[in-house]
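Welcome, and please open your viewer. This tour goes from one selection to the next and says what to look for at each stop.

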Amino acid sequence: MSEELERLLLQLTQPDNAAIQQATAQLKQACKDPAVVPALCAVLSGSQNPLIRQTATVTLRLKVKKHWKKINSNNRESLKAVVLQAFMQETDHTVQHALSQLCAVMVKHETPDRWPALLQLLSQATKSTNPHDRQVGLLLLNKVVESNPTSFQPHYCELLQLLSTALQDHNNPTALYYCILTLIGITAFIGTEEMKQMRSIIPGLIVALKHLIKANEDQATEAMEVFIELMEIEVSVIVPHIADIVHFCLEVASDTTLSDALRVKALSCITFLIKLRSKSVLKLKLLGPILKALFPILTAAPPPGEHDPEDEEDGDSDDTTDNANPKHCSAQVIDTMALHMPPEKLFHHLIPLTQACLSSENPYQKKGGLMCLAVLAEGCADHIRTNMLSSVLQTVCRCLSDSSQVVRSAALFALGQFSEHLQPEVSKYCSELMPLLLGYLSSLNEEKVGHVTRAFYALENFMENLGADIEPYLPTLMETMLSTLNNTNKLKIKELVVSALGAIANAAKELLVPYFPPIIESLKGFLTATTEEMRPLQTQSLDTLSVLARTVGKDVFSPLAAECIQLGMNLTDAIDDPDLRRCTYSLYSAVSTICPESITPHLTAITTVMLLALKSTEGVTPHLEEDKNFVLLDDDDDEDDTEEEKDVEDLSEPKTDVVDATGFNVENAYMDEKEDACEALGEIAFSTGVAFQPFLESSFQQVYELRDFPHEDIRRAALGALGQFCRAQHKVWTENPSEANHQALLKLLNVVIPCFVETVRADLERQVVMGVLESMNDVIKSCKGEVFKNPSYLKEICGVIREVLTKKTPCQGCDPDDIDDEDQQAEFDAMLQEFAGEGIPLLASSVPADQFAPFLNDLLPLIMSKAKSSCTVADRSFSIGTIGEILHALSSAPGGRGVAGRLSNRLLPVLVAGVKDSDAEVRNNSVFALGCLAEAAGPIVVSDYPTMLSVFSNMLVKESDRRVIDNLCGALCRMIMSNISAVPLKQVLPALVDRLPLQEDMEEYKTVFKCLIMLYKHSPDMIVELMKPIVAASSHAAGHKDVDEETKSMLVVLIKEFAQNHSAAFQAATAFLPAEQQTKLGAAVSAS
């Protein structure tokens, strides 16, 4: 039989399709015979043709993988012996590789202890004096350990000793390569006993890598993954060697003679280390050396006659340039520093380096400085906003007029980053930046598409956050955009304009209504395009249409709602494109918020497509091994294949049965589709309410499956959607209060709340944990007491809040070096704590105060500790703002007065100190909190009124910030309403009314008018005396878009009292008003 098999295997290697098909069919038949195993053994050990030996080995491996138990014991033992003998005799590396993979599959069935000959061979080969034997021995060791690492655990101590010795085989680079791959394979499985051994290997590992780099850079690049694996799985192993690893990686990254891939891997190791152990990097004083090594890479000029990828002008430039180059990766290292290090320490080292770059005449030095500023914007936003916004903006604007386009492009990128991350302060420079950007855009040559893209990026990001401040520029903007859209023949420029229209809509909202018809007319032609080249413009048009649905107002967009839904369904039916489907999900979601009835009839079709996207594995393909050469054997015919036939068909399967996320190639478009499908399902469920009920369970189940998806953005979106489903069910229950609806809500909460808690305690990504904390806060805010029907949830949720505030969660690194400088931390760590802290007032308003009090007593010191003067402005603002919100919640919670009263002695000194803070936002929050303390604690704090009134009296004289003054008015009103007899009204009330109308914080009008109505009932004469400024404030509030209807109803009650009972005084007061305000006041009274 072996001769016949060899003939068939030879036939498979011939360039003749008919012969191959014939051989495949015969080989399938042969695989049914049990004698095929010894026959294949004979071929793999006896054939003279290495390609046939390899093919025989692969075929045998697939047979063994699926049917080991069907092979009789004699054949098994024979196979074990033959394979090892063939392996050591084999001279062809490709065949050896295939044989090692066959052994790896056998080890899955026959553990090492049941195959002593394997262990003996491994020991002999790896200790052999023959370099080739050592090399192939380590190849085999790598494959069998990788295949079944846990089965080797009893031998790890011996194995690590062997690997430690093998790492010294410096003249045998291939042996070093397989040795390091084996280390990578066992890292996830080492126990505490092996930890010390593993640590001792690191110095030898670094030396071995240096030798491997000289011999084979591709293998060295793969082998350097060992550092990332150790950091991710068992970071304590490398902690004693951090300095050595960093210096080695910097040496590799800085060597321009090495390949980009190797240098990028070295920089990736540093990035990963900073993410996990930023405090250790600081403690070891490595920040300076890292930055000094990065800047020459960041500022390097490309070879003569070439450009950096992002500066290429090929007419089809976009933002998807390849990031896998040392320059981009060095910027990513700085970006990671900004996200994970205290800005004060980072900027101390960075500023001199950045200033030197920006003052250079070399365009690439300037570009490097600008790129550095750009990547700092996200992670160090508060620091830049507070300390240096004006100067960095001046620098960037100056660079926009530089003679080098390379510098101008970098300046545009930096301005776009600032616009995205430094809000709201950066928008205050609108009058300087908008004319500059519009002028720059008008001067561009549209042939330079790449540069035009950067200009649009900067303009779009800046415009998007302007709000009503965009109004003066709207005519010019719209004329420019619509004219460009109609006149350019470049699809990329059209795409940029359509995207910019979305940004304008986000800012302008209803102000865009006059331009809505021509925008829609322009978009219509793009939305129904059928050609592939139009696809990016089509998807962008869908995105912009979604923005318009959310911004121009229900009355304007509703007539198009049904047509939009039909458009989306037609497109997904006609075109198989994940980007396009993703955009239709966003469109459905947007339309559901303004016109849910238009989407209801189509929910079956829409949810079906979205759930298919969530289930789909499209775009995720496993890495294939060498067997892909034999894919020609994969002949799927119509006959009923037996298991044996499938052996032959399956010659191109993944390396392992279960491949982790690193074993896949992932197409981002499909991942983005899953993310957007999750977000859209959550929002549609909430918007459509009862209509979504038939789809809630299936949607919930499919989204729940993605809660631990490897891709962090999908995890975050899925967990957010789970929260939305809870809020949707709560809405259904409140509108239709049946027991079935109530039980459905409790069932959802009993799955989702434990899921949220577990994610905070387990997930390594801060963005995911931030998203979960935000979703949990939204669920508590909506569902309130229903969340706590399960009595354990209050303790669990308070527990995770405490863990975040004390930096004990995995995503915060749990860095033992974190005990130093507790007042300094990365801004993103502070942001994470803010999300946790925001949950405390929500708990206070959802649970009876006495039940919450023990948890509040535990959490409050953690919040108060951030109010110290040594803390950052952001921390002080967060601390006192949270205290104010807690007190505000207690003011309406059952039993809240007693709890607030017991806290007053601890809180009052902190809040009084906050009123004197140098930062206006901290003062504002302190004033609000003092007012809420008076409101919540009532008579219990009467004795503190003189202190509070004295503080407020001084503020009324000295304070210039209008938001603080508005909150001061609100705080005084809360004090009056809480203890009217404790306030000297004759002095306080005129001073308060004199600060009306409010100018910044319109929400405080509710408190002010509530107080004035109470005072009118209590002391009408005192209010009538102050009627003129009160009427003026009323007219201001009545016509203001940010004042809600409840407040307007209150002021109307007061105005009617004035008009009916004090007509002469009222007429005199209104006579002083401008005609427009008189009209608004009259309209408000008439409408009531």
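Start by selecting K784, which lies in the loop between α38 (766-783) and α39 (792-805). Bear in mind throughout that this is a predicted model. K784 is not a glycine, yet its phi is positive, at about 45°. With a relative accessibility of 37%, K784 counts as partly exposed.

Now go to K509, in the loop between α26 (491-508) and α27 (516-527). Here too is a positive phi, about 50°, in a residue that is not a glycine. K509 is partly exposed, and its relative accessible area is 38%.

**Two cis peptide bonds**

Next, select Q423 and P424, which are joined by a cis peptide bond with omega at about 0°. P424 sits in the loop between α22 (405-421) and α23 (430-442).

Then select L996 and P997, where another cis peptide bond has an omega of about 0°. P997 belongs to the loop between α48 and α49.

**Helix α48**

Stay here and select helix α48, residues 985-994, in which L985, V988, L989, L992 and V993 are buried. These residues cover an arc of only 120° around the axis, so they are on the same side of α48. An α-helix has 3.6 residues a turn, so residues three or four places apart point the same way. Colour K986, Q987 and D994 as well: they are exposed, on the other side of α48.

What covers the buried residues? Show α46 (945-958), α47 (962-978), α49 (1004-1018), α50 (1020-1025) and α51 (1027-1038), which are included in the cover over the buried residues of α48.

**Helix α32**

Move on to helix α32, residues 603-615. Its 13 residues reach 18 Å from the first C-alpha to the last, close to the 18 Å expected at 1.5 Å a residue. Highlight L603, I606, T607, M610, L611, A613 and L614, the buried residues of α32. Look down the axis of α32 and they fall within an arc of 155°, so they line one face of the helix.

Which exposed residues does the face turned away from the buried side carry? They are L612 and K615. To see the partners of the buried residues of α32, display α29 (554-574), α30 (578-594), α31 (596-599), α34 (668-688) and α35 (693-704), against which they pack.

**The cavity**

How many cavities of 30 Å³ or more does the structure hold? There is 1, and about 40 Å³ of space lies in the largest cavity. To find its lining, select A685, G689, F692, Q693, L696, A728, Q729 and V732. Both α35 and α36 (712-735) supply at least two residues each to this lining, and α36 gives the largest share, 3 residues. By type, the lining of the largest cavity has 5 nonpolar residues, 3 polar and no charged.

**Last stop: I190**

Finally, select I190, in the loop between α10 (173-187) and α11 (192-215). Is I190 buried or exposed? I190 is buried, with a relative accessible area of 9%. Leaving aside neighbours within four places in sequence, I190 is in contact with Y156, M195, M198, E234 and V237.

Terms used: Residues numbered from 1 in each chain as written. Predicted model: local features only at pLDDT ≥ 70, side-chain atom pairs only at ≥ 80, totals over all residues. Heavy atoms only, no water. Helix = DSSP H or I, 4+ residues; strand = E, 2+ residues; numbered from the N terminus. Expected span 1.5 Å × (residues − 1). Buried < 20%, exposed > 50% of the residue type's maximum accessible area, 1.4 Å probe, protein only. Arc of directions from axis to C-beta. Contact = heavy atoms within 4.5 Å. 1 Å grid on protein atoms, 1.4 Å probe; cavity = no way out; pocket = protein on both sides within 12 Å on 5 of 7 lines; lining within 4 Å. Points joined across faces, edges and corners; volume = space filled by probe spheres on them. Nonpolar A, V, L, I, M, F, W, Y, C, P; charged D, E, K, R; others polar.
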